[in-house]
Amino acid sequence: AGGVLKISSGSLEKLDLSALKGQVQDLILEHVKGGTGSTLSELSLNALQECNNLSVQGFTAIESISAPRLAYASNLLFSATSGKLKTTRFDALETISGTLSLDGFPELEGLGGFPSLQSVAGSMLFSNLPAFKGIAAATSLAKLNNVTFTVCANIDELDFSGITFLGGQISLDKETLAHEPQLIGPDKFNGSIFLDPVNNKAVTAVHLKGFREISGDFYINRGNRIEHMVFPSIEYVGGQLVLRQCNYPNEIEFENLREIGNKLVIQSPAYVYNIRFPKLKKVANQLIIVGQCFNAITMEFPLLEEVGSDVDVLTKEQDSPGGQSWTDHLYLYTSSEADFNFPLLKKVNGSVFMQPAGEGKMISFPELEHISRGMTIKGAISYAKTLDFSKLSSMGGKIAINNVGCSDFSSFAAIIPHIEPNQWSVGGCTYSPKYEDMEAGRYKPQE
């Protein structure tokens, strides 16, 4: 009782653990490579009641694992390469304080062997389970933290609507997403969602239901082939909303999203036509839209009023340690035509960087009153012929405008009395007024 039992074998045929009763600290069974092969087909632990770590690794012939009296475990770790495990029986198990891991069992279909399981406080890890249909069979499940599905390509639906999350994450990889399962969440989801299509051509849609409020992050990584990225159910994201290298959807739309508690990052929307956030009012940290684009993009943020936190920020490109990084609170750069039009934005608590592209396009912030740090606008001489900052009256840093097509700077008249000469820098534009020109009202070239 309370001890450790470890068995390592490369040719195990029979194993009688019927006398193992009560509490065991660790029970570890390991298949040793290089043996003649194990034919053990059943593991029965009928008297075991508590176990800290129960680990069965590499025994491919095992078809059944049962511990019907086991009421508590810290970790259950079962893995094999093309294992034959079909059934599990843990009738009394209610709580796993650590990890439940199932890896490498092509015939295992679900968690029907865990009818009493209520809580997994650590992680549920499901890997290389091609017949696995999800967690629905664990009918008592009420509390989870982290759930990860890797190469589980037969799941139609993952229903988390009756489950309380403990701040962890739901993660699905490209093979699991290729079956396009529907994710159903609670109204208020205390956790994060990470979807990782990794450019898989089979992943053409993401189906989300519920998840009205997400306390953590919502992250889609390299969803290049997703055709329609529309998520009407989400109203609040407390962490980051990141759409990284999602190149091909016609539109990116979060119809009812009202607030983001950290960052909004849309990176490399190469073939996107529309980016729509029609009800978004606040992004509390960074708003970044950046990357190569091949279509003229329409950006719609008609109700956005506030961006930024006025603390130092850093977002890095993940592809390499030496990749791009962004330190501005509002960062807009596209390589195709795009209007930067934010009609109700009033405050940027931080810095602004904008680099527009596209013949004759405009940068319009008609209600913007306050930028707590600096603002940089640059591009090419044919870009950004219209700038509208007519209500800007508070600037904590420098205004730097370089190489844009604007020849009328009258919309900056209101800010000039509130900044010093060293806060105004305009050069390489169709018309480049100095601070003295602006003070004297020479907002346009003299006729």
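How many aromatic pairs does the count come to? The count comes to 22 aromatic pairs; rings of Phe, Tyr and Trp (its six-membered ring) pair if their centres lie within 6.5 Å. This is a predicted model, in which local features need pLDDT of at least 70 and side-chain atom pairs count only at pLDDT 80 or more, while totals for chains, interfaces and linings use all residues. Residues are numbered from 1 along each chain as its sequence is written, and side-chain values use heavy atoms, with hydrogens and water left out.

**Aromatic rings**

- A pair of aromatic rings is described by the distance of the centres and the angle of the planes. Planes under 30 degrees apart count as stacked, over 60 as edge-to-face and the rest as tilted.
- Phe90 and Phe114 form a stacked pair, with 5.0 Å from centre to centre and 10° between the planes. Phe90 lies in the loop between β7 (87–89) and β8 (95–96) and Phe114 in the loop between β9 (99–103) and β10 (119–127), so this pair ties together parts that are 24 residues apart in sequence. Strands (E, at least two residues) are DSSP runs, numbered from the N terminus.
- Phe90 has 0% relative accessibility and counts as buried, and Phe114 is also buried at 0%. Buried means under 20% relative accessible area, exposed over 50% and partly exposed in between, with a 1.4 Å probe and protein chains only.
- The rings of Phe165 and Phe189 have centres 4.9 Å apart and planes at 70°, so this pair is edge-to-face. Phe165 belongs to strand β13 (residues 164–165) and Phe189 to strand β16 (residues 188–189), so the pair ties together parts that are 24 residues apart in sequence. Both Phe165 and Phe189 are buried.
- Ring pairs also link a cluster whose members include Phe218, Phe231, Phe254, Phe277 and Trp424.

**Salt bridges**

- The structure holds 14 salt bridges. A salt bridge is a side-chain nitrogen of Lys or Arg within 4 Å of a carboxyl oxygen of Asp or Glu.
- Arg276 forms a salt bridge with Glu253, and their closest N and O atoms are 2.6 Å apart. This pair links distant parts of the chain, with Arg276 in strand β27 (residues 274–276) and Glu253 in strand β24 (residues 251–253), 23 residues apart. Arg276 is partly exposed at 23%, whereas Glu253 is buried at 14%.
- Another salt bridge joins the side chains of Asp437 and Arg442, at 3.0 Å from N to O. Asp437 is buried at 17% relative accessibility, while Arg442 is partly exposed at 32%.
- Salt bridges that share partners join Asp187, Arg212, Glu213, Glu235 and Arg258 into one network. Within it, the side chains of Glu213 and Arg212 meet at 3.4 Å from N to O. Glu213 is partly exposed, at 26%, and Arg212 is partly exposed, at 24%.

**Ser372 and its surroundings**

- Ser372 is in the loop between β39 (370–371) and β40 (375–378), and at 16% relative accessibility Ser372 counts as buried.
- The side chain of Ser372 reaches the backbone nitrogen of Gly350 at 2.6 Å.
- Apart from neighbours within four places in sequence, Ser372 is in contact with Asp310, Val348, Asn349, Gly350, Gly396 and Gly397. Contact means heavy atoms within 4.5 Å.

**Lys6**

- Lys6 sits in strand β1 (residues 4–9). Not counting residues up to four places away in sequence, Lys6 touches Ile28 and Glu30.
- Lys6 and Arg373 are 367 residues apart along the chain, and their C-alpha atoms are separated by 61 Å.

**Positive phi values**

- Most residues other than glycine have a negative phi.
- Arg222 has a positive phi, near 55°. Arg222 lies in the loop between β20 (218–221) and β21 (229–230) and is partly exposed, at 25%.
- Asn403 also has a positive phi, near 60°. Asn403 is placed in the loop between β43 (399–402) and β44 (424–427) and is partly exposed, at 40%.

Conventions
Helices (H or I, at least four residues) and strands (E, at least two) are DSSP runs, numbered from the N terminus. A polar contact is a pair of N or O atoms within 3.5 Å; within protein, one must be able to donate a hydrogen and the other to accept it, and residues adjacent in sequence count only if both atoms are side-chain atoms.
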